[in-house]
Amino acid sequence: MTALPASVEDVAAGLRSVGYLPGDSTALVAYLATALGKPVLVEGPAGVGKTELAKALASFLGRELVRLQCYEGLDEAKALYEWNYRKQLLRIQAEGDDRHWSEVQDDIFGEEFLLARPLLTAISAPEPVVLLIDEIDKTDQEFEAMLLEVLSDFQISIPELGRVDATTRPVVLLPSNNTRELTEALKRRCLYLWLDYPALEHELQIVRLHAPELSETIARKLVELIGMVRELDLKKPPSIAESIDWARALLLLGAQDIDAETFTQTMSVIVKHRTDLDIVAERVGVKLTSLADGKHGSGQPA
Ligand SMILES: Nc1ncnc2c1ncn2[C@@H]1O[C@H](COP(=O)(O)OP(=O)(O)OP(=O)(O)O)[C@@H](O)[C@H]1O
Ligand SMILES: [Mg+2]
């Protein structure tokens, strides 16, 4: 395990060293999270690097990543712990009928029969981990309340066994896509990080990191176009994930430029709704064509 980072710059450099290019507020909040031991609520549109931040943080801190993927109906048994019923049953059968229930009970509710789920795993880990509670907005409010208890006390009560106190403090990240408003109680206990689409130069760096073979000229044009597409009123604007996919697709196709034709052929990599495709073709595709015509016209003697 590496020591905790000493400064914001340390965190920024560390994240960069594992292939994550943080914005200023990302590095700052990540540093505070490690220094203050507070969970971070990470909000923002899809595909802007919320989940990746947790992975990058774990890998730069040299910690294990424990992941709890949230979904509707997620319950304590899948998040905290479960009793291993089959093993308990086997033990009861193996012991035969001659023992008193109270003896058997002591036996089968021991740690040996406990199945630790991500939250228990994270707080009882011998070495501190990074705990990723992904898509927290998909769960319901009851689950959130249970989570609050774990995140504020760093302990879990198991009726049959007693209280499990945290042996180590995890760094906790809670990404959310904002499909529902989270409770004030949760927000109060967390640091807040809003991850938005990055600025042009920042996105250019990210794209070049993921597709280093793509020429700087094409990469720059790509992020400029992505920026234009995001300005349109679309159901689902393209994210960083789409920019990276597009860069890789263009490389594979051996594109030398993103002209109107290449754009039309490949725009389904970045736009994924039927109606959005129409809007983008009309607004950006046409612009590219007229730009090309303009260049062509001025370059040619009449
Ligand atoms: N700052 C960054 N530096 C390097 N790569 C990045 C950065 N931000 C995003 N990426 C890349 O963008 C892609 C999408 O990121 P990620 O899956 O973390 O998005 P997300 O915000 O969790 O999306 P969703 O809300 O859909 O789960 C990943 O391939 C990731 O590597
Ligand atoms: Mg994610």
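The lining of the largest pocket in this predicted model divides into 16 nonpolar, 10 polar and 6 charged residues. Here Ala, Val, Leu, Ile, Met, Phe, Trp, Tyr, Cys and Pro count as nonpolar, Asp, Glu, Lys and Arg as charged, and the others, Gly among them, as polar. The pocket holds about 600 Å³ of space. Among its 32 lining residues, Tyr-20, Val-48, Gly-49, Lys-50 and Ile-240 are the closest to its centre. Two or more lining residues come from each of α2 (24–36), α3 (50–61), α10 (200–210) and α12 (240–252).

On a 1 Å grid over the protein atoms alone, a pocket is an open set of points where a 1.4 Å probe fits, with protein on both sides within 12 Å along at least five of seven lines; lining residues have an atom within 4 Å of a point. Grid points are joined across faces, edges and corners, and a volume is the space filled by probe spheres set on them. Helices (H or I, at least four residues) and strands (E, at least two) are DSSP runs, numbered from the N terminus.

The second largest pocket contains about 170 Å³ of space. Its lining has 5 nonpolar, 2 polar and 3 charged residues; among them are Glu-76, Tyr-81, Met-146 and Ser-157. At least two lining residues are supplied by each of α8 (141–153) and β6 (155–158), and α8 gives the most, with 4 residues.

The loop between α8 and β6 holds Phe-154. This residue is buried, with a relative accessible area of 6%, where buried means under 20%, exposed over 50% and partly exposed in between (1.4 Å probe, protein chains only). Phi of Phe-154 is near 50°, a positive value in a residue other than glycine. Glu-135, in the loop between β5 (130–134) and α8, also has a positive phi, of about 60°, and is not a glycine.

Turning to the helices, Thr-34 is found in α2 and counts as buried because its relative accessibility is 8%. Leaving aside residues up to four places away in sequence, Thr-34 touches Leu-4, Pro-5, Leu-61 and Val-171, contact meaning heavy atoms within 4.5 Å. Gln-105, in helix α6 (residues 101–108), is partly exposed at 33% relative accessible area.

Residues are numbered from 1 along each chain as its sequence is written, while chains are lettered from A and ligands numbered from 1 in the order in which they are written. Local features need pLDDT of at least 70, side-chain atom pairs count only at pLDDT 80 or more, and totals for chains, interfaces and linings use all residues, with side-chain values using heavy atoms and leaving out hydrogens and water.
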